[in-house]
Amino acid sequence: MLVSPDARRGYVDHSIYGFESILKMIRYRYGLAPLTPRDLFANNIAAAFDFESDPRLEVPTLPTPPIMSSACGGTPILDSSGVGVDDGPLLADPVLGPEAQSAGMQALHTSGSLERMGFQYRKATPATLYSHPSSMGLRV
């Protein structure tokens with residue numbers, strides 16, 4: 001959706017635009033060479049603008065959205081025992097504390113499941129979690 005005072009009035013465009021389409025418009029306007037293949041092959045978003053007419057600067061009147069009279073129904077994510085509604089445990093369950101989550105990871109490690117899936121598990125230490133600025137080329 002294009003929102004601009006220079007948007008073409010009553011115009012519906014079914015083209016797909018991305019951020020590189022803005023670069024394409026700037027290149028088109030100023031006759032510049034492409035920066036990357038992405039903006040070279042992007043759709044030019046300039047077709048959706050009307051630069052010939054005066055821009056519309058007045059605030060448009062928008063429809064009033066309907067008000068819901070009751071809350072939407074739904075099912076709880078967890079039952080009272082902390083089990084998912086499909087009777088299975090939830091991954092990264094916020095009800096479980098860090099100790100329980102760590103115990104689950106330890107169980108995966110000791111059972112050999114991680115290695116069978118191709119993961120090499122190493123217990124986190126401060127040395128592996130935090131890099132000293134000097135090791136990243138920064139001066140302190």
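F49 is buried, and its relative accessible area is 12%. The model is predicted. The chain has five helices and zero strands. Buried residues account for 14% of its 140 residues.

**Confidence**

- The chain has a mean pLDDT of 74. Of its residues, 63% reach 70 or more.
- Helix α1, residues 19-30, has the highest mean pLDDT among the elements, at 91. Helix α3, residues 98-111, has the lowest, at 68.
- Across residues 88-95 the pLDDT falls below 50. This stretch still has nine contacts in the model beyond near neighbours in sequence.

**Overall layout**

- Read from the N terminus, the order of elements is α-α-α-α-α.
- Take the contacts in the chain with a separation of 6 or more: 41% of them join residues 24 or more positions apart.

**The aromatic pair**

- The count of aromatic pairs is one. F49 and F51 form this pair, and it is stacked. The ring centres are 5.3 Å apart, with 15° between the planes.
- F49 has a relative accessible area of 12%, so it falls under the 20% limit for buried. F51 has 52% relative accessibility, so it is over the 50% limit for exposed.

**Charges over rings**

- R8 lies over the face of Y11, and the distance to the ring centre is 5.5 Å.
- R29 places its charged end over the ring of Y30. Here the distance to the centre is 4.8 Å.

- A7 belongs to the segment before α1. Is A7 buried or exposed? A7 is buried, because its relative accessibility of 12% is under 20%.
- A7 and A47 are 40 residues apart in sequence. Their C-alpha atoms are 9.4 Å apart in space.

**The cavity**

- How many cavities of 30 Å³ or more does the structure hold? The structure holds one. The largest cavity contains about 30 Å³ of space.
- Its lining consists of P5, D6, A7, R9, D50, S53, D54, P55 and R56.

- S21 is part of helix α1. S21 is buried, because its relative accessibility of 1% is under 20%.
- Which residues does S21 contact, leaving aside its neighbours within four places in sequence? They are A42, N43 and I45.
- P37 is in helix α2, which covers residues 37-40. P37 is exposed, because its relative accessibility of 58% is over 50%.
- P37 and E20 are 17 residues apart in sequence. In space, the C-alpha to C-alpha distance between P37 and E20 is 9.8 Å.

Methods. Residues are numbered from 1 along each chain as its sequence is written. This is a predicted model: local features need pLDDT of at least 70, side-chain atom pairs count only at pLDDT 80 or more; totals for chains, interfaces and linings use all residues. Side-chain values use heavy atoms; hydrogens and water are left out. Rings of Phe, Tyr and Trp (its six-membered ring) pair if their centres lie within 6.5 Å; planes under 30 degrees apart count as stacked, over 60 as edge-to-face and the rest as tilted. Buried means under 20% relative accessible area, exposed over 50%, partly exposed in between (1.4 Å probe, protein chains only). A charge sits over a ring if NZ of Lys or CZ of Arg is within 6 Å of the ring centre and within 35 degrees of the ring normal. pLDDT is the predictor's confidence in each residue, from 0 to 100. Helices (H or I, at least four residues) and strands (E, at least two) are DSSP runs, numbered from the N terminus. Contact means heavy atoms within 4.5 Å. On a 1 Å grid over the protein atoms alone, a cavity is a set of points where a 1.4 Å probe fits but cannot get out, and a pocket is an open set with protein on both sides within 12 Å along at least five of seven lines; lining residues have an atom within 4 Å of a point. Grid points are joined across faces, edges and corners, and a volume is the space filled by probe spheres set on the points.
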